[in-house]
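Here is a quick walk through a protein model, with an eye on rings and helix packing. Have a look at the structure first, then read on.

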Amino acid sequence: MRIYTRQGDQGQTRLADGSCLSKTHIRVESYGLVDELNSQIGLLIANLPENATVLSPMLQLIQQEMFDVGSELAFPCEAQNSALWQVSEIWTRRLEAEMDQFSETLPPLRQFILPGGSPAAAQAHVVRTLTRRCERQLVLLSQHEPLNPALLPYINRLSDWFFVLARVLLQREGKPEIVWRKASER
């Protein structure tokens with residue numbers, strides 16, 4: 001089987017139903033960002049420290065869910081209906097429960113935290129910011145086309161989840177959080 005089709009050489013791409021859109025269409029940009037996010041999550045998994053590998057199955061589940069999000073977005077708005085929707089409010093509740101569980105062992109958050117501290121924590125922040133970019137793109141898409149109502153809350157919570165994960169990774173690695181200081185305090 002050939003990977004290339006040459007169908008995109010003129011700037012068009014096919015959606016899951018076979019219809020064509022420009023590669024610059026907001027729907028195509030939306031699922032492209034979700035794909036990019038999934039790749040960055042894979043990089044995070046590859047960079048997990050040995051004492052944090054228990055997090056790998058959680059991250060792999062999120063990767064599976066990102067593929068589901070992308071597949072929902074790969075259908076044109078005319079084909080969007082609840083029969084195609086896979087993202088569920090159950091996913092959002094799971095993320096909230098996991099964050100609550102993670103937070104039980106973390107010190108209270110009293111200052112802004114800068115990305116960094118370790119390669120894995122820094123990558124978790126990259127994923128967090130990319131998740132926010134996906135969210136902004138999905139908000140834009142939702143202003144033009146109908147979306148699964150469970151999608152935006154899930155993506156919003158997911159960025160929070162990656163913020164908490166970055167803190168957890170630093171804690172497991174025994175490394176301090178890098179806190180932001182006002183210019184007068186630096």
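## Rings and helices

Trp91 is buried, with a relative accessible area of 13% (buried means under 20%, exposed over 50% and partly exposed in between, using a 1.4 Å probe and protein chains only). Before going further, a word on the source: this is a predicted model, where local features need pLDDT of at least 70, side-chain atom pairs count only at pLDDT 80 or more, and totals for chains, interfaces and linings use all residues. Residues are numbered from 1 along each chain as its sequence is written, and side-chain values use heavy atoms, leaving out hydrogens and water.

Rings of Phe, Tyr and Trp (its six-membered ring) pair if their centres lie within 6.5 Å; planes under 30 degrees apart count as stacked, over 60 as edge-to-face and the rest as tilted. The rings of Trp91 and Tyr154 sit 5.3 Å apart at their centres with planes at 70°, so this pair is edge-to-face. Trp91 belongs to helix H3 (residues 89-103) and Tyr154 to helix H5 (residues 151-173), so the pair ties together parts that are 63 residues apart in sequence. Helices (H or I, at least four residues) and strands (E, at least two) are DSSP runs, numbered from the N terminus. Tyr154 is buried too, at a relative accessible area of 0%.

Phe112 and Trp180 make another edge-to-face pair, 5.9 Å centre to centre with 75° between the planes. Phe112 is in the loop between H3 and strand S3 (113-114) and Trp180 in the segment after strand S4 (178-179), so parts 68 residues apart in sequence are tied together. Phe112 counts as exposed at 62% relative accessibility, while Trp180 counts as partly exposed at 38%. Elsewhere, ring pairs link Phe102, Trp161 and Phe162 into a cluster.

| Helix pair | Angle | Axes apart |
|---|---|---|
| H2 (residues 56-73) and H5 | about 155° | 13 Å |
| H1 (residues 26-46) and H5 | about 15° | 14 Å |

Axes are lines fitted to C-alpha atoms, for helices over the stretch in contact, and angles run from 0 to 180 degrees between N-to-C directions. H2 and H5 are therefore roughly antiparallel (over 145 degrees), and H1 is roughly parallel to H5 (under 35 degrees). The crossing of H2 and H5 is left-handed, meaning the near helix is turned anticlockwise from the far one by less than a right angle. H1 also passes H5 in a left-handed crossing.

What do the helices use to touch? On the H2 side, the residues meeting H5 include Met58, Ile62 and Glu65, and their partners in H5 include Tyr154, Trp161 and Phe162 (contact means heavy atoms within 4.5 Å). By class, the contact of H2 with H5 has 13 nonpolar, no polar and one charged residues. Ala, Val, Leu, Ile, Met, Phe, Trp, Tyr, Cys and Pro count as nonpolar, Asp, Glu, Lys and Arg as charged, and the others, Gly among them, as polar. Leu37, Ile41 and Leu44 of H1 meet Leu158, Phe162, Leu165 and Leu169 of H5, a contact with seven nonpolar, no polar and no charged residues.

Zooming out, the protein has five helices and four strands, and 40% of its 186 residues count as buried.

Technical notes. Parallel < 35°, antiparallel > 145°, perpendicular 65-115°, else oblique.
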